[in-house]
Amino acid sequence: MKVHETQTQVPILQRQIHGKKLVYLDNAATTQKPESVITAISDYYRTHNANVHRGVHTLSDESTERYEQARQKIAAFFGARADQLISTRNSTEAMNLLVQMWEKFLRPGDVIVVTMQEHHSTLVPWQMVSQRTGCEFIVLPMDDQSTWPINAFAELLQEKKDRLRVVATAAVSNVTGVVAPLEKIDAQLRKWGVRKNVLVAVDAAQSAAHMPSRLDRWPVDALTFSGHKMYGPMGIGGLVVSERLAQEIAPVLYGGGMIAEVRTQETSFHEDFAERFTAGTPDVASLVGLQAAIEFLEEIGWSELQAHEHDLVQYAYEQLQQVPQVRLIGPEPGAEFASRVGSVTWTYEGVHAHDVAQILDRSGVAVRSGHHCTMPLHTEQDWVATTRASFAVYNTREDIDQLIAALEQVQTIFGV
Amino acid sequence: MDDLYREHILEHAQHPRNWGELPDATFVMRAANASCGDSLEIFLKIDEAGIIKAVTWQGDGCAVSTAAASLLSEKLVGSSIQKWESMSAEDVLRELELLHISPSRQKCALLFWQGLRSGEDWAVVQGSAEREQQ
Ligand SMILES: Cc1ncc(COP(=O)(O)O)c(C=O)c1O
């Protein structure tokens, strides 16, 4: 499928908003869904619905088969096997789950490191577990607000390498588009010989739809993702763990499906990883929908998709730079794809981000305004709130032209 | 929504009334909307009978929260603080002629009022111990 063909695959893009054609630029919050995803979900409920594993009847078999196929497809997309994938509702739940499972290894004085630009879904669970366990929780400030603070991390290692237990960070920031230098982080840990003592956990919520996000290529131990940010349905996400980690963790959710034997005073758990970490009925329809979303991505192919999205980011950056009241934040997109991924974010002099977003909505342009769940970053940088346009494969340069035209309304209305 | 940015809202947003600190305030209240970063402080002078004698306020916010704060601040003097505390969100939106505001912007319009009724967060500036104990 060619990039330009994707627009006709996504039914909601035909909607009119306030009498204008929808220009959807809030893809980092959630992407819109291709017809194939919607159909996969409704087909599942229309023709194959039954609970998995628990019946011997035909529908239960069909459902189980689809469930397992979907899990394999999703795991493979993230460079893993199905028995390294724990499905969750979203990336937030996946990170919380990882924290809960890792808690038993944490001791007072251990060090947990995140960066200032982490989404609250990474920052808060690690902050809370630090409080519970007496760990030192370190939030690295960004390098001159733009890039991942690899130098500060290197310095921190000199002093605290022996106590470092966790590094958790987003592969791509949802505010600045900054790509985490995972190789360099790994190299630093190896340089000091402490790699094996440290859990490197990556929040791939904002990378999964934009670049290969794979456990077999990234030097990390775990990644989290949300299906709804990668053309799939809401309500499904996951935690993908390395083989080493899969050996070390134990379930923290108990119930049906995950057990081997239950007696009144003791329980043993299922031998199979996927079963052991799936307590209760899984969301089969959403897994099937996410499989369809992955097939949608594969039909386009990474090289076309990345080239197109990089063009959108660059074009949007250039166009916004021409608007005198706009101050762009985060790194300038360079020639390299990985210099900035997925979005552009700005403040508008004299007008609050909410008002900017509301006025854009009048022209059918959907963007996001606020903190984007990164309050520490906004506080550090002294931004009251920012406005973000974030892209998907179905967006076009014309969408960005519409955005710029709509921004002129802000000036007209506020007279700034 | 189209009249959200009508003239008098914009006018108040750009020239908020009763702006600043109040040197002889008896109470300072704060309200913040964590999801968008808006925050404001309200300075009030309230007499023994609970009647508001003077008000000023300041903060960071969008046009809607700024205009709503400005408009409401003009209605306070001479009324009792209890009256504002006991009003419903709908009453306040009606006062502001913003009943039809979208759900996502209601929080903005109500931020100032949220501050007014955040009784337990009140900081007592100068004495008024009686109020503090409540
Ligand atoms: C970088 C990042 N991590 C995590 C999340 C959380 O995603 P979800 O709300 O689907 O759990 C988001 C969503 O905005 C995000 O941008």
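Before the first stop, a word on handedness: a crossing is left-handed if the near helix is turned anticlockwise from the far one by less than a right angle, and right-handed if clockwise. Helices here are DSSP runs (H or I, at least four residues), numbered from the N terminus. This is a predicted model, in which local features need pLDDT of at least 70, side-chain atom pairs count only at pLDDT 80 or more, and totals for chains, interfaces and linings use all residues. Residues are numbered from 1 along each chain as its sequence is written, chains are lettered from A and ligands numbered from 1 in the order in which they are written, and side-chain values use heavy atoms, with hydrogens and water left out.

Select residues 150–160 of chain A, helix H5, together with residues 182–191 of chain A, helix H6. Their axes lie 10 Å apart, at an angle of about 15° (axes are lines fitted to C-alpha atoms, for helices over the stretch in contact, and angles run from 0 to 180 degrees between N-to-C directions). That makes H5(A) roughly parallel to H6(A), a label for angles under 35 degrees, while those over 145 count as roughly antiparallel. H5(A) passes H6(A) in a right-handed crossing.

Now show side chains. From H5(A), A:Ile150, A:Phe153, A:Ala154 and A:Leu157 meet A:Lys184, A:Ile185, A:Gln188 and A:Leu189 of H6(A) (contact means heavy atoms within 4.5 Å).

**Stop two: H1 and its partners**

Next, pick residues 35–48 of chain A, helix H1, and residues 284–300 of chain A, helix H9. The pair packs at about 150°, with axes 8 Å apart. H1(A) and H9(A) are therefore roughly antiparallel, and their crossing is right-handed. Residues making the contact include A:Ala40 and A:Tyr44 of H1(A) and A:Val288 and A:Ala292 of H9(A).

**Stop three: the ligand**

Which residues are around the ligand? Among them are A:Asn90, A:Ser91, A:Thr92, A:Asn174, A:Ser226 and A:Lys229, where near means a heavy atom within 4 Å.

Ligand oxygen atoms are 2.6 Å from one in A:Gln206 and 3.2 Å from one in A:His119.

Terms used:
Helix = DSSP H or I, 4+ residues; strand = E, 2+ residues; numbered from the N terminus. Parallel < 35°, antiparallel > 145°, perpendicular 65-115°, else oblique. Polar contact = N/O pair within 3.5 Å; in protein donor to acceptor, adjacent residues only side chain to side chain.
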